Amino acid sequence: DTATLHDAAETLRRNVASASRRETDLPGVTISVGGALGYGRRLHLVYEEADEALYRAKDAGRNCVVIAK
C-alpha cells in the first residue's frame with residue numbers, strides 16, 4: 001500500500017543521508033525518491049507516475065519522498 005511504499009522509500013532516503021555523514025572524507029549525499037504503485041497497470045504508466053513523483057520531490061526542495069496517489 002501507499003504508506004508501506006512511503007515508509008520504505010523514507011528509510012532508504014534516511015540511510016543514504018546518514019551513511020554519507022559517517023564518511024568524513026566524502027561530501028554529504030542526499031536523495032529524492034518518487035514512487036508509484038502498479039495495481040496491475042501497464043509498467044510504462046507506473047514508471048511515468050513514479051517519474052512525475054520524483055520531479056515533484058525535487059521541486060519540493062529535494063531530499064524528500066513523494067508517492068503518486
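Predicted model: local features only at pLDDT ≥ 70, side-chain atom pairs only at ≥ 80, totals over all residues.

Trainee: Why is the pair of Glu10 and Arg13 called a salt bridge?

Mentor: The closest N and O atoms of Glu10 and Arg13 are 2.4 Å apart, and because the rule asks for a side-chain nitrogen of Lys or Arg within 4 Å of a carboxyl oxygen of Asp or Glu, the pair qualifies. Both residues lie in helix H1, which covers residues 2-22, and they are three residues apart, about one turn of the helix.

Trainee: What makes Glu10 and Arg14 a salt bridge as well?

Mentor: Their closest N and O atoms are 3.7 Å apart, which is within the 4 Å limit, so this pair is also counted. Glu10 and Arg14 are four residues apart in helix H1, again about one turn of the helix.

Trainee: How do you know whether Glu10, Arg13 and Arg14 are buried, partly exposed or exposed?

Mentor: Glu10 has a relative accessible area of 17%, and because buried means under 20%, Glu10 is buried. Arg13, at 12%, is buried by the same cut-off. Arg14 has 43%, which falls between 20% and 50%, so Arg14 is called partly exposed.

Trainee: Which salt bridge involves Glu49, and why does that pair qualify?

Mentor: The partner of Glu49 is Arg41, with a distance of 3.1 Å from N to O, and this lies within 4 Å, so the pair meets the rule. Salt bridges that share partners, on the other hand, join Glu10, Arg13 and Arg14 into one network. By this rule the count comes to three salt bridges.

Trainee: Why are Glu49 and Arg41 given the label they have for accessibility?

Mentor: Glu49 is at 24% relative accessibility and Arg41 at 33%, and because both values lie between the cut-offs of 20% and 50%, each residue counts as partly exposed.

Technical notes
Residues numbered from 1 in each chain as written. Heavy atoms only, no water. Helix = DSSP H or I, 4+ residues; strand = E, 2+ residues; numbered from the N terminus. Buried < 20%, exposed > 50% of the residue type's maximum accessible area, 1.4 Å probe, protein only.
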